[in-house]
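Please read them with the structure open beside you.

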Amino acid sequence: MIVSPSLLSANFADLRQDLEMIDRSQCDWLHIDVMDGVFVPNISFGFPVLKYVAEVCHKPLDVHLMIVQPEKFVREVAALGSKVMNVHYEACTHLHRVVQTIHDAGMEAGVTLNPATPVSVLEDIIDDVDLVLLMSVNPGFGGQKFIPNILKKTRQLRRMVDEHGAHAVIEIDGGVNRTTGAQLAEAGADALVAGSAVFGAPDPEAEIAFLKNL
Ligand code: DX5
Ligand code: ZN
């Protein structure tokens with residue numbers, strides 16, 4: 001399992017310590033949640049902060065933009081040295097063009113679906129994307145409860161990716177813990193984002209190792 005701990009749940013008063021833990025741990029990526037207070041009802045952090053995060057952390061960055069008009073920030077996300085740039089399907093009028101722009105900037109392109117958006121909207125773009133991020137909570141906050149219907153959506157998406165012979169990684173974000181993580185592994189997820197389950201655990205590295213072995 002690919003594991004991508006979410007920075008949103010880190011201790012921002014002592015970020016270096018948490019980033020060093022991430023580097024030491026068995027996780028694959030660092031998940032970065034950028035919010036604008038418009039697309040979602042919350043504001044997190046922006047590029048001036050992330051510049052320093054990217055300098056300290058050596059894991060590939062998995063950037064999740066919960067913002068309107070994400071195409072405006074392709075250059076900024078690329079400048080961080082990000083591996084993946086995830087944009088919301090619901091925030092892009094011209095999704096295919098945004099995916100092309102992300103690729104032109106040298107990054108992998110991820111498309112994110114809110115809980116109420118069906119997997120079927122991806123039918124005509126699944127061959128062109130590198131990752132699909134299924135939201136298993138309504139985006140905007142860490143520490144929410146996993147929406148069980150996402151297990152069905154994960155299976156549907158697994159089927160679509162396999163039928164197309166597509167290479168898209170299936171990543172799930174929100175309410176992931178040991179229990180829901182195991183259910184998602186069984187449903188066909190390739191990657192798990194975990195915020196509060198990792199940073200709220202007495203031993204975050206052990207929590208990461210557990211998810212890694214699912
Ligand atoms: C929610 C964010 C998530 C969040 C997950 O809008 O996209 O990445 O950090 O947090 P947990 O794992 O606590 O649900
Ligand atoms: Zn996220």
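1. Conventions. This is a predicted model, in which local features need pLDDT of at least 70 and side-chain atom pairs count only at pLDDT 80 or more, while totals for chains, interfaces and linings use all residues. Residues are numbered from 1 along each chain as its sequence is written, chains are lettered from A and ligands numbered from 1 in the order in which they are written, and side-chain values use heavy atoms, with hydrogens and water left out.

2. Nonpolar core. The largest nonpolar core holds 64 residues. Here a core is a set of buried Ala, Val, Leu, Ile, Met, Phe, Trp, Tyr and Cys residues joined through side-chain atoms within 4.5 Å; buried is under 20% relative accessible area, exposed over 50%, and partly exposed in between, with a 1.4 Å probe and protein chains only. Helix H5 (residues 149-164) gives this core its largest share, five residues. Helices (H or I, at least four residues) and strands (E, at least two) are DSSP runs, numbered from the N terminus. Another core, of seven residues, lies apart from the largest one and includes Trp29 and Leu133.

3. Leu157. Leu157 is one of the residues with the most contacts inside the largest core. Neighbours within four places in sequence aside, Leu157 is in contact (heavy atoms within 4.5 Å) with Val119, Leu122, Ile126, Val132, Leu134 and Ile170.

4. Strand S2. Six of the six residues of S2 (residues 30-35) are buried. Leu30, Ile32 and Val34 point one way, and His31, Asp33 and Met35 the other. In a regular strand the side chains alternate between the two faces of the sheet. S2 runs parallel to strand S3 (residues 61-66), with six bridges joining them; strands count as paired if DSSP finds at least two bridges between them. Met35 has Met66 as its bridge partner in S3. From S2 the chain passes through helix H2 (residues 47-56) to S3 in a right-handed β-α-β crossover, that is, with the strands pointing away from the viewer, the path from the first strand over the helix to the second runs clockwise.

5. Helix H2. Phe47, Leu50, Val53 and Val56 are the buried residues of H2. Their cover includes helix H1 (15-24), S2 and helix H3 (74-79).

6. Strand S7. Val169, Glu171 and Asp173 on one side of S7 and Ile170 and Ile172 on the other are all buried. Five bridges pair S7 with strand S6 (residues 131-135) in the parallel sense, and Leu131 stands opposite Val169. The crossover from S6 through H5 to S7 is right-handed. S7 is also parallel to S8, over three bridges.

7. Which residues lie nearest the centre of the largest pocket? They are Gly142, Gly143, Asp173, Gly174 and Gly175, out of 25 lining residues. S2, strand S8 (191-194) and helix H7 (196-199) each supply at least two residues of the lining.

8. Phe39. This residue sits in the loop between S2 and H2. The C-alpha atoms of Phe39 and Gly140 are 8.7 Å apart, although 101 residues separate them along the chain.

9. Ala209. Ala209 belongs to helix H8 (residues 204-212). Its relative accessible area is 17%, so Ala209 counts as buried. Ser25, 184 residues away in sequence, is 7.5 Å from Ala209, C-alpha to C-alpha.

Technical notes:
On a 1 Å grid over the protein atoms alone, a cavity is a set of points where a 1.4 Å probe fits but cannot get out, and a pocket is an open set with protein on both sides within 12 Å along at least five of seven lines; lining residues have an atom within 4 Å of a point.
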